[in-house]
Amino acid sequence: MRFSRLAVHAFRAIQHAEMDFGPGLNVLYGPNDLGKSTLATAIRAALLVAPGSAEASRFAPWPVDASPRVVLTFIDDDEHHWQIKKNFGSPASAELLHSKDGRSFSLDCKARQVEEKVRQQLGWGIPPPGGKGGPKGLPQSFLAQVLLAAQTDVDKVLSQSLAEDPDVSGKLRLQKALATLAQDPLFKRVLDKAQDEMDACFTPKGQRKRGQGSRFVAASDSVKKYEQELTQLRGQLDDSMVVEVRVRTLREQREEAAASLREAESRLAASKEQLKRTAAKLAAGELVGLAKAALSEINERIARVQKLDAELAAATEQVARRESERVQMLAACEHADRAVRAAEEAHRIATSAEGALEHETQRAQLAEKLAGLNAQRLTLIAQQGNAQRALDAHKAVLAAANQLAGAVADHEKRKLAREQAQKQHDRTERELGLAVAVLAYGRWRSAQAASDEATTTRLNATKLHAEASAHEAEAQAFESSATAREADIARARDGLPSVPQLQGLQELQRRLELAEAALGGGLSVSIRPLQPVSVRATLDRTEVFEDPRLATPHVLEAQRGLRLAIADLVELEITAGDADKRRAVEALRDRWSSEAEPVFERTGSPSVAALTLRLELLGKEDEELRALRQKAEQLRARAKSSREQAELHELQAAKLECDPLELAAKREAIGEVDLEVVAGRFAKLSKAWEREGDALCLQRKGERDAADRVWSESDKALELAGYRVTELEKTHSKLHADAQSATADMPGTDPATLLLSIAQQLSTIEEQEREAERAIRGLVASGNAAATSAAAELDKAKRSSSEARDKVVKLDEALEAEKASLNARGGQRDELRAQVERMDRNAASALLETRKAALAQFVDEPVMTDDEVRLQEAALAKAAQAHQDINEQFHQADGALSKVAGSELRERVRQSQDALAAARTREAELEVDADAWKLLRDTLRDV
Amino acid sequence: MTAAPEDEIVLKLLHTADWHLGRRFSAFEDDAERKLMRARLEVLDRILLAAERNGVHAVLCAGDLFDEPSPSRVWWEPVAERFKKYNWKDRPVFLLPGNHDPLLQDAVWSNTQFRNLLPDFVHIVDRHDFEFTLANNAVLYAVPCMSKAGQRDPTELIPKRAPGDERVRIGMVHGSTFDAQDCQTNFPIHRDAAVMRGLDYLAIGDTHGFRLVPPERTCPPTVYPGAPEATAFDEKDPGSVAVVLINTQRRAQVRKERVAHWTWEELTVSSIEDLRQLTRRTDLGNRVLRLHVTACLSAPEYDEAELLLEELHGTEALHGRVGVLDLHRGELTLDTSSFDAYCAELPDVLKAVVRRLRAAAENAEQAPAAQRALFHLYRTSRKAS
């Protein structure tokens, strides 16, 4: 048997105490007068003292008027649970309850049977109470004394003997226990082994051994050692981690600073590059200016050539006029010569008839010959001029033919370039069309997606509206239900006291119960019916005894009051306590009658507790009502939220919605292109497709425009080359016609040979003329003497002839001068033309275009200034300084890092943790094993 | 990797690291700890024998050879004695300080007694610009750890291959590769260090398992040979050295060669049959076995399990079947529900004891002690009867 629980109430000095017992030895300790001995007495009372005995009167509490009660629970050898309940006051009572599980107990026996059964179970040598030889007062036996002696009864323990036991059960029990030890070696061996193990681990007082060599101490020391080591290592590790984190942070900062530095360097380099490009742009501008100047110079020279051509044409006409005048003057000269000859003939005739005749004949023949020579010479001169012009014309035709061939080749080249430019243009046009189609496709797709999303959003909005309506309907239903319940609650609350009133009633009830409890002292009424009679009694206003035919004597016991009705003859009311307390109770009962009972009557509630319960229920109803309203509010709020969301969705849908016409227009905007190709191109674009598409379109457009410009320029160049070919062809044809017309009347086709022949003929004729003149002058000299009168005429004629010749000479001189001037201008013009041809206007134009194109590359180029570059240099210096600063900090941290242990320390911490865990496991296993032996030993001894 | 013909090999190396001499194994029992500590020294014999057997031109020991910078004499003296047993003329041995045994002022590397004990062919890498000409004009560059932690890549101190330099170039450092935890502060080694420095083989130490870093690159190899004897259960592939063969084209081939005595293994048994099978294994003698027993056994099985565990672990009188047993029996429980069947022949008084202990075993707080008490009762009563 072992005790499991003790509850003591109003037992001597103890008002109330409860305790649970553990297996094995239980020790109560505490200061004096705490009630330890009283608890031991209570155990003794529960086991050995009958409630109605004289011994029981010693347990009454002295400060208060109450019934001592003890409840002791114990477990027998079969693990059955027993509970002894004893009330040592009035009315005295005893009950023994039984349980198999220690939780639900059932009544086994009452009153005297309790003592009998307990003493039987104890087997302490104490006979059942009452009867012959039964113990009076506190039962005594050897085991009762040994096991439950009071602390002052040590002598009695030693002097007690089994022989004095009133019953043999104690003796038998001891004999059995000793026999168990003596006769069952197995039990003894197990006990001995358990005891040995216990002795190894525990002190005689049941404490774990902590002395030298104790396994607990070794295990515990090991745990402590590793705990200390781990604490120390963790401290070091924390320090190490601070340094490591700083190093990592600084490393990151250093990398960021390095990146900033690189970025600043890159920006500076870009700025410098930009500065160079700005310089290049300026240089390109200057080159364009130079090319323009060169082209304008060429143009100017061409203009000068053209002006010289015009002047040459005028001068040529002037020469032609002069030659015509000379011819006329030569004719006049011839006329004057003929007059001279006539005068001479007249003079000859006048000076000598025959001689004169002879002379005249000779002179006439000579003059005729001279005139014929002169005519031949003039013809030859004219032929010479024609041949010269024909030669010039041939030269011009050759030059024009060369120019024409060059122009034709240039035209072919331009034509090829134009075709290539056209092809490039077509290709860029197609690419542009495709890029535009991709962009349009993207916009169409986007509009389509937006349209789909708008549909989905609108559907969501509809769903949300429906949801909101459902919530509102539900909220309305809750509200209606709440209103109905509110009315119900109001009806149910009608007539019920308020909470303060109820509290007043509760207070009144408490005070009445206290006052009635103060009446306690105990009442005992014995009824001894003389014949069967109906008896009804109310004990302490609660417990009711009723017997319609009570025939045997019966004792009614109450604490404070008793109301007894015997048949319908008499009703007795007996109240305990002194007069003051009874009056107080009466007053309170009057108040109860006037204050509480009307309420009970009005509300139909039997008690304050029932009222309290109803009010609590109503309070819960209120709470539920509030919850219902709150729920309705929540539903309304959700409905409102749903509606707001629906409106947002509708707004969103309206924003997203796309006009079908617009959508169709967007589809049409894609054009008649292969959609798969467009979709494929579109798929290659990223999320920012529109920006990329726009950029692509711009790029394609730029390429198309560039190709367009090239095409246009090549077209113009081709047109210009064609125009030049046409002009040169015209020039060539004209020159060719001129040359042909110039050589049409010429004997032979080679003007140069003709010119040489004419020059030779002229030379011969001039010689013949000089001979004829000499002959004439001879004839004249011989006829001088005969001519006197005719001399004047002759002089006059000669003067006229001389004047005419002077004029011819002057004309010749003027003609020569003009020819020289013409030749000089022709030479000048030819030189200028050669220069112009060498300067190559087309090349100059092309160069200008090239340079313009080169300059066009810089059109969008931002202009970089030295100041901006200096700003970038300052930023670079700042970044370099920041990098240097962080580098210094990093090196400092690196120095600190070399003084910590890092990963090596982490490894040691891990080892230490493992060691600590192992030490703790070993300690726990030791403790469990030791506890197991202790538990076994205790259980063996207990049993 | 296909082995190159022997006549094409111009350089043979043995690469080892992480001996961790003096390492404590406090999580184990005292005897087991001593076994494991001694094993770290004993494996040196097998490493040196492997060097001789393979006829290597040099032995590279890449750091963490001692577990702390200043180990006691009992650790460095046997190391020197072991080297002295060999009279190698053309086989230099290079000892590199690692982060566990850095080249501090009072470290073992500065101990003149230790240095004087070492034979001439053993060289301590005690400067940053360590350079040594090996056989066939090959050259070794090595950089020691000067502290327990550092953020600088030690390979940065190895000179780059100069144009026209056709020699076989070997590097040796100690640190963490890019993929290791905490590598930033534990001498980080760049993943392409061997390529960047123009090395034909980069010998490194720190991680205790055999690894090529990065694993996909075999030329030029960067290798952790791992610890020759494992130090923990969670290490992957420890217990080897790397034998390195470099051919005339300067291509290095790496062969892993096991030298460890101990194999570390972690095992869980969840039934008495598992435990019986474990006991029947014949390879337990060189095992460091962490055994988790998670089984709920009847009393006879529990008793048998105790005997089997005792057999595996050993007693004061008998060696255990397992070389080193790290037993975790926290989840070994006694099935008390069937205990009655085993105590039918017990006297009533002991039956009453059994009933009480079983009742106590129902209480979670008392269960471990109560189960153990029942087992003691069972075993003691069996022995007695």
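How much area is buried between chain A and chain B? In this predicted model, where local features need pLDDT of at least 70 and side-chain atom pairs count only at pLDDT 80 or more, totals for chains, interfaces and linings use all residues. Residues are numbered from 1 along each chain as its sequence is written, chains are lettered from A in the order in which they are written, and side-chain values use heavy atoms, with hydrogens and water left out.

The answer is about 3,900 Å², with carbon and sulfur atoms giving 60%; buried area here is the accessible area (1.4 Å probe) lost by two parts on being put together, summed over both. A:Leu186, A:Glu904 and A:Val943 supply 13% of what chain A buries against chain B, more than any other three residues. Counting contact as heavy atoms within 4.5 Å, 48 residues of chain A touch 43 residues of chain B.

Three salt bridges turn up between the two chains, each a side-chain nitrogen of Lys or Arg within 4 Å of a carboxyl oxygen of Asp or Glu. In one salt bridge, B:Arg23 meets A:Glu907 (2.6 Å, N to O). On the side of chain A that touches chain B, helix 19 of chain A gives the largest share, 21 residues; helices (H or I, at least four residues) and strands (E, at least two) are DSSP runs, numbered from the N terminus.

Chain B itself has an open sheet of six strands, ordered 4-3-2-1-13-14 with mixed pairing, where pairing takes at least two DSSP bridges between two strands. Strand 1 (residues 9-16) and strand 2 (residues 58-61) of chain B run parallel, joined by four bridges, and B:Leu14 stands opposite B:Val59 in strand 2.
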